[in-house]
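Dear colleague,

I am passing on the structure we spoke about, and would be glad if you could look through it alongside the notes that follow.

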Amino acid sequence: MTVYLDKKFINLLSPQLDKFGWQRATLANCRCPLCGDSKKNPNKKRGFFYERSGRYYYKCHNCGAAMSLSRLLEQVSPALHSEFRVEWLKEKNGNSKVSGITSTGVNEKLQKVSMKSEALTGVCKITSLDKCHHARAYLESRMLPEEKMDELFYTDDFGSVAKQINKKIHLEKEPRIVIPFHDESGNIIGVQGRSLSKNGLRYITIKADGHERLFYNLHKVDVNKTIYVTEGPFDSMFLPNAIAMVGASKSVRLPENLSNSNVVFVMDNEPRSVEIVNMLRGLIDAGQTVFIPDRLEHKDINEMILSGNNSDNIVEYIDDHSYTGILAQAAMSQWERTSERWGI
């Protein structure tokens, strides 16, 4: 059973491993989470998980790191490492009742979530799930704050949840993490489903009729304080007074209630993304304040958290690297690396 347990936790870790994939039944590889792998070639992946004598080990052919799976989990995902130790001890002591990554017990925890005029059914709070449930383990591996996880849900049937938001939608039954979106009054006007599978779409967003762009946490934000706008809900959970929009587009129209607020747009650190670069240019042209990092290795806020930074450090860094007008244009010229500008 130990080899099964090792493989299970490799799969639980995989969402935070860049370009992870199984090459065969007992061999997987990814970009090394310890050294970051090649800085010149983003497609290089020289970190390997391999099976030997009934256990899995990790080896990077770039930085030379070699260790047990337990040691790697301890370094890159302390939350998963804690769960791994618990299940390993259960197995060692002969306890065969390990929950694994199934959805056992979810039906007993299903609840209705208020939509003001009606209720969202067939979901349960992430924090009500067993710690070894795959949905909760995944979110804990991303080190989301407990109070923010309490606002997220899990469903075995996202197709049913989607239809409650928009009756025109027809999706297959599948398990997903459910991220709710509210309007300023607290009504649920959309949901985003985050897949826990390697197949299919990672995110599916469903909007109620009459709503164009969704903003996460809009109903709780304080319009009298600085508001940080991130690209995705998970990143927003690490910042004070933050909202998140779904996806990037060249033009962004903020909700009316934020028109007089001090807003800072914090997009992902992807200087080679034409979509992100064009969005930032559009925001600068519109007179918005944007975050443009300087020599930042991490792709987004969640990566900064996983590397050991805390929210206060990150907010200070964002505030020190936020610009408007001509200063923003100058910072953009140093940051962006799109093929349009550089011919690559």
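The protein has 12 helices and 17 strands, where helices (H or I, at least four residues) and strands (E, at least two) are DSSP runs numbered from the N terminus. Please keep in mind that this is a predicted model, in which local features need pLDDT of at least 70 and side-chain atom pairs count only at pLDDT 80 or more, while totals for chains, interfaces and linings use all residues. Residues are numbered from 1 along each chain as its sequence is written, and side-chain values use heavy atoms, with hydrogens and water left out.

Of the 344 residues of the protein, 46% count as buried, a term that means under 20% relative accessible area, with exposed being over 50% and partly exposed in between (1.4 Å probe, protein chains only). Among contacts between residues at least 6 apart in sequence, 58% join residues at least 24 apart, contact meaning heavy atoms within 4.5 Å.

Leaving aside residues up to four places away in sequence, aspartate 6 touches Arg55, Tyr56, Leu69 and Phe84. Leu69 is also one of the buried residues of helix H2 (residues 69-76), which are Leu69, Ser70, Leu72, Leu73 and Val76. These lie on the same side of H2, because they cover an arc of only 160 degrees around the axis, the arc being that of the directions from the helix axis to the C-beta atoms.

Helix H4 (residues 134-141) is mostly covered, with eight of its eight residues buried, among them His134, Arg136 and Glu140. After H4 comes methionine 143, whose phi is positive, near 60 degrees.

Finally, helix H8 (residues 274-285) packs with helix H11 (residues 325-335) at an angle of about 165 degrees, their axes being 10 Å apart; axes are lines fitted to C-alpha atoms, for helices over the stretch in contact, and angles run from 0 to 180 degrees between N-to-C directions. That makes H8 roughly antiparallel to H11, a description used for angles over 145 degrees. On the H8 side, Ile276, Val277, Leu280, Arg281, Ile284 and Asp285 meet Gly325, Ala328, Gln329, Met332 and Trp335 in H11. By class, this contact has seven nonpolar, two polar and two charged residues, where Ala, Val, Leu, Ile, Met, Phe, Trp, Tyr, Cys and Pro count as nonpolar, Asp, Glu, Lys and Arg as charged, and the others, Gly among them, as polar.

With best wishes

Key. Angles under 35 degrees count as roughly parallel, over 145 as roughly antiparallel, 65 to 115 as roughly perpendicular and the rest as oblique.
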